[in-house]
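The sequence and the model are shown first, and the points then follow by topic.

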Amino acid sequence: MVTVALVTGANKGIGTEIARQLADAGVTAIIGARDEERGRAAAERLGLPYVRLDVTDAACVRAAAQWIEQEYGKLDILVNNAGITFDDGPPSQATTAQARQVYETNVFGVIEVTNAMLPLLRRSPAGRIVNVSSERGSIGRTLDQAHPLWPMLNLVYCSSKAALNMITVSYAKELWDTPIKVNAVDPGWVKTDINHNEGIKPPEEGAAPIVAMALLDADGPTAAFVQHEGPLPW
């Protein structure tokens, strides 16, 4: 039986690499992307299917779910990778307009996509949901004065990832007695457009722990927050 995955924001960076690694593992990884030209180009380059998916557009999300149902009848893996940020300063300089823009993708978009895809994931014998989070959403790490994150005061992005972590736990609890596992993964400081390619890890390395959680066996965890080096504090 074919294993089917959907990766959001998969037209570049970590998203493309997640799809590539899943495909290398024998998974039919659907490239989900808002930009149709870039999405189709990435799909063609990898030899994978493409579906237009703007996570901030409810009608677009529903259409993507309907297409997956028609094409495959189910979904085994959902990777909520799409995310945005900007160079916001300290909390006192944040604006609600900026927060709404980031939350539309990083928070509300995840809920929209997950709810639309859940009926298809419930048809899988072993559904997996992986939310691409960030160590910067860890309250424990953020409050550790000896950790490199201590000087960072980026309210909007960090709080959006903290919210994503609670979203992860909430879905995991609802699905606790089902075969579906829901986890959050920090890919690390990866060289991508989101940080102007200032990261230290290549996308291949950042994608690896995400793919590992997407391919968990039945004994794997649910409601976990991890990075390549191991578990992270919430």
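## Strand pairing and the layout of the sheet

Strands β4 and β5 pair in the parallel sense over 4 bridges; two strands count as paired if DSSP finds at least two bridges between them. The model is predicted, so local features need pLDDT of at least 70 and side-chain atom pairs count only at pLDDT 80 or more, whereas totals for chains, interfaces and linings use all residues. Residues are numbered from 1 along each chain as its sequence is written, and side-chain values use heavy atoms, with hydrogens and water left out. Helices (H or I, at least four residues) and strands (E, at least two) are DSSP runs, numbered from the N terminus.

**Strands**

**Nonpolar cores**

- The largest nonpolar core has 28 residues, of which Leu 6, Leu 75, Leu 78, Met 117, Leu 121 and Ile 129 touch the most other members. Such a core is a set of buried Ala, Val, Leu, Ile, Met, Phe, Trp, Tyr and Cys residues joined through side-chain atoms within 4.5 Å.
- β1, α3, α4 and α6 each supply at least two residues of this core, and α4 gives the most, with 7 residues.
- A second, separate core of 27 residues includes Val 7, Ala 19, Ala 207 and Ala 214.
- Leaving aside neighbours within four places in sequence, Ile 129 is in contact (heavy atoms within 4.5 Å) with residues including Leu 78, Asn 80, Leu 121 and Val 182.

**Salt bridges**

- The structure holds 7 salt bridges, each being a side-chain nitrogen of Lys or Arg within 4 Å of a carboxyl oxygen of Asp or Glu.
- One of them joins the side chains of Arg 123 and Glu 69 (2.8 Å, N to O). Arg 123 lies in the loop between α4 (96–121) and β5 (128–132) and Glu 69 in helix α3 (residues 58–72), so the pair ties together parts that are 54 residues apart in sequence.
- Both partners are partly exposed: Arg 123 has a relative accessible area of 44%, and Glu 69 one of 37%.
- Arg 122 forms a salt bridge with Glu 174, the closest N and O atoms being 4.0 Å apart. Since Arg 122 lies in the loop between α4 and β5 and Glu 174 in helix α6 (residues 155–174), the pair ties together parts that are 52 residues apart in sequence.
- In this pair, Arg 122 is partly exposed at 48% relative accessibility, while Glu 174 is exposed at 54%.
- Arg 141 and Glu 135 meet through their side chains in a salt bridge (2.2 Å, N to O), and Glu 135 counts as buried at 17% relative accessibility.
- A network of salt bridges links Glu 17, Arg 20 and Asp 24.

**Loop residues**

- Trp 150 is placed in the loop between α5 (139–142) and α6 and is partly exposed, with a relative accessible area of 38%.
- Ala 223 has a positive phi of about 60 degrees although it is not a glycine, and its place is in the loop between α7 (203–214) and β7 (225–227).
- Leaving aside neighbours within four places in sequence, Ala 223 is in contact with Ala 172, Trp 176, Val 182, Asn 183 and Trp 234.
- The C-alpha atoms of Ala 223 and Leu 53 are separated by 26 Å, and the two residues are 170 residues apart along the chain.

Key: Buried < 20%, exposed > 50% of the residue type's maximum accessible area, 1.4 Å probe, protein only.
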